[in-house]
Amino acid sequence: MFEPQAGDDDDDTADVDERTEALEARDLAAHDVADSELAHGFLASLAALLLEHGADPESRSTNGAELAALHAAVAGGDLACVELLLARDVDVNALQQGGITALHAAAHHGRPDMVRALLRAGADPALTCEAGRDARSWGAEHPKVLALLV
């Protein structure tokens, strides 16, 4: 029969605890992705409902950033909301604080899907922010984005 040695229980418990923590972290990460996708679908549906009931798609945040709904959708990584707003003919070249456009933000975040949608809707890649940066500059670290901004 197995006789535990002094300290064996501690090692086994620590090993089980580490594996449990790793599994819980992986499970939480999977839930975060699922929750994020669910939230994006929910937000697009909520935005559609608000727009159907008269919400102004050109309204701006009142927190000083002058964030338009299109900028918020890009910042939130919500392609469905971006496409919804573009279908409502929002100003695709609207500027937020610092002269940042939605295209600048999409390029900066490395979102070729959003860059493509914004360009199709007429976003001007040559516009520069107050710091003198254009969309190519903002997307310099993302080759897939740069390929779209040629």
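**Exercise 1. Which helices do the buried residues of H5 pack against?**

Before we start, a word on the model: it is predicted, so local features need pLDDT of at least 70 and side-chain atom pairs count only at pLDDT 80 or more, while totals for chains, interfaces and linings use all residues. Residues are numbered from 1 along each chain as its sequence is written, and side-chain values use heavy atoms, with hydrogens and water left out.

*Step 1.* Find the helix: H5 covers residues 112–120. Helices (H or I, at least four residues) and strands (E, at least two) are DSSP runs, numbered from the N terminus.

*Step 2.* Pick out its buried residues, where buried means under 20% relative accessible area, exposed over 50% and partly exposed in between (1.4 Å probe, protein chains only). In H5 they are Pro112, Met114, Val115, Ala117 and Leu118.

*Step 3.* Look for their partners, taking contact as heavy atoms within 4.5 Å. The buried residues of H5 pack against H2 (69–75), H3 (79–87), H4 (102–108) and H7 (143–148).

**Exercise 2. Describe the protein chain as a whole.**

*Step 1.* Count the elements: there are seven helices and zero strands.

*Step 2.* Turn to burial: 29% of the 150 residues count as buried.

*Step 3.* Check the sequence separation of contacts. Among those between residues at least 6 apart, 65% join residues at least 24 apart.

*Step 4.* Take the surface, using the Shrake-Rupley method with a 1.4 Å probe, where for residues only the protein chains shown count as cover. The accessible surface is about 9400 Å², and 55% of that belongs to carbon and sulfur atoms.

**Exercise 3. Work out what lines the largest pocket.**

*Step 1.* Settle the term: on a 1 Å grid over the protein atoms alone, a pocket is an open set of points with protein on both sides within 12 Å along at least five of seven lines, and lining residues have an atom within 4 Å of a point.

*Step 2.* Note the volume of the largest pocket, about 270 Å³, which is the space filled by probe spheres set on the points, joined across faces, edges and corners.

*Step 3.* List the lining: of 17 residues, Leu43, Ala47, Leu50, Ala69 and Cys81 lie nearest the centre. H1 gives the most, with six residues.

*Step 4.* Zoom in on alanine 47 in H1 (residues 8–52). Leaving aside neighbours within four places in sequence, alanine 47 is in contact with Cys81 and Leu84.

**Exercise 4. Is histidine 104 buried or exposed?**

*Step 1.* Locate histidine 104 in H4.

*Step 2.* Read its accessibility: histidine 104 counts as buried because its relative accessibility is 0%.

*Step 3.* Look at its surroundings. Leaving aside neighbours within four places in sequence, the contacts of histidine 104 include Leu127, Cys129, Asp134 and Trp138.

**Exercise 5. Which residue forms a salt bridge with arginine 111?**

*Step 1.* Apply the criterion: a side-chain nitrogen of Lys or Arg within 4 Å of a carboxyl oxygen of Asp or Glu. The structure holds one salt bridge.

*Step 2.* Name the partner: arginine 111 pairs with aspartate 113, their closest N and O atoms being 2.7 Å apart. Side chains of opposite charge can pair when their charged atoms come close.

*Step 3.* Arginine 111 is partly exposed at 22% relative accessible area, and aspartate 113 is partly exposed at 26%.

Terms used: On a 1 Å grid over the protein atoms alone, a cavity is a set of points where a 1.4 Å probe fits but cannot get out, and a pocket is an open set with protein on both sides within 12 Å along at least five of seven lines; lining residues have an atom within 4 Å of a point.
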